[in-house]
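Here is a friendly walk through the side-chain contacts of one protein model. Please keep the viewer open as you read.

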Amino acid sequence: MTANGSFLLNGYTYETTDVAVPGPDQDYVDQFLFETKQGYCDNFSTSMAVLVRTLGIPARWVKGYTSGRLVGEQDGQSVYEVRNNDAHSWVEVYFEGIGWVPFEPTQGFVNPYAFSLAASNPEEPEPQLQPEERETPRVPLDQLLEQPSTAQGEHWWEKLADVWSWKMGLTALVVLAVLGGAAYATRRKWWPRFTLFRFRRRKLDGAAWLISAYGALLRHLQDYGLKRRPHETLRQYAAEVDRLFETDEMNRLTKLYERAVYGTGIKEANVREAVELWENLIKRTIS
């Protein structure tokens, strides 16, 4: 049974060379989810961990390695060469009564291990943990972790098979798919709140904070449906926003933003005003 973050499989691209790097005033997850939509395993896994946590589900980010390359055999065991470029990251999600379950959200990858119940027919060979492949085979997890066997020769995955069934795996997959779809469908409820939380914690000077926050506001307004036309100036766009919301907040905030960008800065009183205007406009995009 494999488990993936299906939300990140739609419209996102796996890329290792041409990957944008967030600036000092940009959020790593925010940039990947809503701007570039392309990256490598760290982008996918970090974003999934954040999305799952916003829904109140325990999740942790895991760093390790893929299997590398099969280079031969020694004493009946396969020998693999693992290099730095075989590093990989994924996510583990906690399910009550089950424990931490690994999930592979990265585009093009699948969970490296398939779990199944132990065979009930003694004449049939006992099912083993089978690694699935993307571009290269992966090392069996017992070799990576070097887990000792029990006195009866029972391996750790055989003990896991006693408590893990394909129904549990299917349930976990369906739950995560539903959560991913729900997260995307309800993004206008949680994304603005996440942005408010993120910018309230930022320790930047007034001008730098306003420049970064204004850019985030423009993204929220675009997602809300207020797209800025290529020929529009910021003040023209602000007028359209204020007309829809029946307010003058966007125009006032835009003037403060222009002073922060093109002027000599803004005073502390102006910063407090900008924060209030910005938060009011962000809240208007919650639907």
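The report below covers salt bridges, ring contacts, the nonpolar core and a surface patch.

This is a predicted model, in which local features need pLDDT of at least 70 and side-chain atom pairs count only at pLDDT 80 or more, while totals for chains, interfaces and linings use all residues. Residues are numbered from 1 along each chain as its sequence is written, and side-chain values use heavy atoms, with hydrogens and water left out.

**Salt bridges**

The structure holds 14 salt bridges, each being a side-chain nitrogen of Lys or Arg within 4 Å of a carboxyl oxygen of Asp or Glu. Three of them are set out here.

| Salt bridge | N to O distance |
|---|---|
| Arginine 219 and aspartate 30 | 3.1 Å |
| Arginine 60 and glutamate 92 | 2.7 Å |
| Arginine 252 and aspartate 248 | 3.6 Å |

Helices (H or I, at least four residues) and strands (E, at least two) are DSSP runs, numbered from the N terminus. Aspartate 30 is buried at 2% relative accessibility, whereas arginine 219 is partly exposed at 25%. For these words, buried means under 20% relative accessible area, exposed over 50%, and partly exposed in between (1.4 Å probe, protein chains only). Both residues also belong to a salt-bridge network made of Asp30, Glu35, Arg198 and Arg219.

Arginine 60 and glutamate 92 join two strands, β3 (residues 59-65) and β6 (residues 87-95), and are 32 residues apart. Here glutamate 92 is buried at 15% and arginine 60 partly exposed at 35%. In the salt bridge of arginine 252 with aspartate 248, the arginine is partly exposed at 33%, and so is the aspartate, at 42%.

**Rings and charges**

Arginine 60 has another contact to look at: its charged end sits over the ring of tryptophan 100, 4.1 Å from the centre. Such a charge needs NZ of Lys or CZ of Arg within 6 Å of the ring centre and within 35 degrees of the ring normal. Tryptophan 100, partly exposed at 36%, also forms an edge-to-face pair with tyrosine 94, at 5.3 Å centre to centre and 65° between the planes.

There are 10 aromatic pairs in the structure. Rings of Phe, Tyr and Trp (its six-membered ring) pair if their centres lie within 6.5 Å; planes under 30 degrees apart count as stacked, over 60 as edge-to-face and the rest as tilted. Because phenylalanine 34 lies in helix α1 (residues 28-36) and tryptophan 191 in helix α6 (residues 187-200), the pair ties together parts 157 residues apart in sequence. Tryptophan 191 is buried at 3%, and phenylalanine 34 is partly exposed at 25%.

Ring pairs also link Tyr12, Phe32 and Phe44 into a cluster, and lysine 37 lies over the face of tyrosine 12, at 5.8 Å from the ring centre.

**The nonpolar core**

Which residues touch the most other members of the largest nonpolar core? Among its 28 residues, they are Leu210, Leu217, Leu221, Val241, Met250, Leu253 and Trp278. A core is a set of buried Ala, Val, Leu, Ile, Met, Phe, Trp, Tyr and Cys residues joined through side-chain atoms within 4.5 Å. Helix α7 gives the largest share, eight residues.
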